[in-house]
Amino acid sequence: MRGLTRLWLVLALAVPCALGGTAAAWADEHGTRIAIIEMGRILEEATAIHSIRNQGEAQRRAYSEEAHQEAERLRQIREELIQQQALLAPAALEERQRAFNAEVAAADQRAKAQNQNLQRAVAEGEVRFREILGTVVAELAEKRGIEIVLPVHLALYAIEEANLTEPVIERLNEAFPEIALTFDES
C-alpha cells in the first residue's frame, strides 16, 4: 500500500512537470514541497558508515587471528594424541579423545558466537546510522520547508535544487563522523 501511495505522489509531481509546469509551481499551488536524496552516495560518503565497516573488519580480523591460534593449539593436541596412541591404555586414550573432541566443539561454539556477535554489532551500528540519517534529513527538511523527502530512485524527475544529498552528507559527517560498535564478549 505504501508503494502505491509513493507512486501516486511521484506521478502527481511528474504530471504537472510534463504538462509544462514545474514542481515548484505545483508545490506552491498545493502546498507540498518535496526533495530527494541519493542513498547510494550517502552510503559511500558518510564517514559514520565507513567507521562501522572499519570496526567490523578489524573485529573480524581479530576473531580470525584468535581462531587461527586456537586451530594451531588443537592441531598440536591432536598430534600429541596420535603419538600417545601406542603408549596409552585404551580407556585413557578414549578419555583424552573425548576431552579433545569437547575442546573442538567448544572452539566451534566460540567461533559461531563471535560471528553472531560481529553480525549483531554491525547490524546495530547500521540501525543507529539509519536513525541518525532520519533525524538529519528531518532537520534539514524542516529548515527548508520541505514536507516530503524521497529516495532519488522514486523520482521520475527532480530539479537539482530539490536534491538534499550534499547537505545531508555534510551534516552527517560534521555531527556524526563515527558510530562506535559494541562487541558483546560474554
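Trainee: Why is Arg 75 called partly exposed?

Mentor: Buried means under 20% relative accessible area and exposed means over 50%, with partly exposed in between (1.4 Å probe, protein chains only). Arg 75 has 30% relative accessibility, so Arg 75 counts as partly exposed. Please keep in mind that this is a predicted model, where local features need pLDDT of at least 70, side-chain atom pairs count only at pLDDT 80 or more, and totals for chains, interfaces and linings use all residues. Residues are numbered from 1 along each chain as its sequence is written, and side-chain values use heavy atoms, leaving out hydrogens and water.

Trainee: What makes the contact of Arg 75 and Glu 72 a salt bridge?

Mentor: A salt bridge needs a side-chain nitrogen of Lys or Arg within 4 Å of a carboxyl oxygen of Asp or Glu. Here the N to O distance is 2.2 Å, and the pair meets that rule.

Trainee: How do you know that Glu 174 and Arg 171 form a salt bridge too?

Mentor: Their side chains meet at 3.7 Å, N to O, and the limit is 4 Å. Both residues lie in helix H6, three residues apart, about one turn of the helix; a helix is a DSSP run (H or I, at least four residues), numbered from the N terminus.

Methods:
Helices (H or I, at least four residues) and strands (E, at least two) are DSSP runs, numbered from the N terminus.
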